[in-house]
Amino acid sequence: MSAPADLARALDELGLTVPAPAEHPFHGAAETRWVPPARIVEACRAFRDAGYFFESLTCVDRLAAHGVFELIYTFNQWRLPGRVALRVWAPQDTPVPTVSGVFGGADWNEREAWEFYGVVFAGHPNLTWLLLPEGTAFRPLLKSFTAPPPSEYDDSLTPPPPPADAEAAPRS
C-alpha cells in the first residue's frame, strides 16, 4: 500500500504527469496530478497495482474557456484512506483511451460522460446509451446546451386533457 503522496510522487518520477495547464482548483483529494490522455491507462494501472480502487470519473465542460473537457478520475484505498485525483484535459474531438479494462467500474462512468458530454472513449467495450433514449441528438450537460429539440418524449407539446369534472358540470 502506498500513501497518496508517495504514489503521486511515483507517477511524477515515471513521467506520467504533466504541469497543470490552468489553475482550476480541486478540493476533496489528498493529492492531484495532471496526466496526458495518452498516459491515463498506464497511470490507472499504477493505482491498481498500488492497492487503490476506482471511485469515480467526473467530466467538466471547459470548452468555452479552453476547448477541452476536463476528466477527473478519483481513487482511494482501504488501508491508508486518502483520495487521489488524476485530471486529464481531453480536446473535444479527440478520443480518450478507456480505463474500463483496468477498472471495470469505470465502464458506466465513461458511458455517462459519452452520453451527456460527447466524450469518446477509444476501446470501450460497450459505449452505448445508458440513461437517455437511444439516439438522443443532444448532449444535455454541455454548458452550451439550452433546451432539447421537441421529440416524442416531450409531453409539453400536448395540451392537457380537460378536467374530469368539466364534463359533468351543468351548462347554464
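These legends accompany close-up views of a predicted model.

View 1. Four strands form an open sheet in the order S1-S4-S3-S2, with mixed pairing. Strand S1 (31-34) and S2 are the edge strands, and each pairs on one side only. Neighbouring strands are turned against each other by 20° on average, direction ignored. H1 packs on this sheet and touches S1 and S4. The direction of H1 makes about 15° with that of S1.

**View 2. The S2 and S3 pairing.** S2 and S3 run antiparallel and are joined by nine bridges. Val60 has its bridge partner, Glu70, in S3. H4 lies across S2 and S3. Its run is at about 10° to S2.

**View 3. The largest nonpolar core.** This core holds 38 residues. Ile40, Phe47, Leu71, Tyr73, Phe75 and Leu86 touch the most other members. At least two core residues come from each of helix H1 (4-13), helix H2 (40-49), strand S2 (53-62), strand S3 (68-76), strand S4 (84-91) and helix H4 (106-117). H2 gives the largest share, six residues. In soluble globular proteins, nonpolar side chains tend to be buried together.

**View 4. The surroundings of Leu71.** Residues up to four places away in sequence are not counted here. Leu71 touches Leu57, Thr58 and Cys59, among others. Its contacts also include Leu86, Arg87, Val88 and Ala90.

**View 5. Ala113 in helix H4.** Ala113 is found in helix H4. Ala113 is buried, with a relative accessible area of 5%. Not counting residues up to four places away in sequence, Ala113 touches Cys59, Gly118, Val119 and Phe121. Ala5 is 108 residues from Ala113 in sequence. In space the two are 28 Å apart, C-alpha to C-alpha.

View 6. The disulfide count is zero. A disulfide needs two cysteine sulfur atoms within 2.5 Å. The closest cysteine sulfur to that of Cys44 is in Cys59, 15 Å away, so the gap is too far for a bond. Cys59 likewise is in no disulfide, and its nearest cysteine sulfur is that of Cys44. Cys44 counts as buried because its relative accessibility is 0%. Cys59 is buried too, with a relative accessible area of 9%.

Note on methods. Residues are numbered from 1 along each chain as its sequence is written. This is a predicted model: local features need pLDDT of at least 70, side-chain atom pairs count only at pLDDT 80 or more; totals for chains, interfaces and linings use all residues. Side-chain values use heavy atoms; hydrogens and water are left out. Buried means under 20% relative accessible area, exposed over 50%, partly exposed in between (1.4 Å probe, protein chains only). A nonpolar core is a set of buried Ala, Val, Leu, Ile, Met, Phe, Trp, Tyr and Cys residues joined through side-chain atoms within 4.5 Å. Contact means heavy atoms within 4.5 Å. Two strands pair if DSSP finds at least two bridges between them. Axes are lines fitted to C-alpha atoms, for helices over the stretch in contact, and angles run from 0 to 180 degrees between N-to-C directions.
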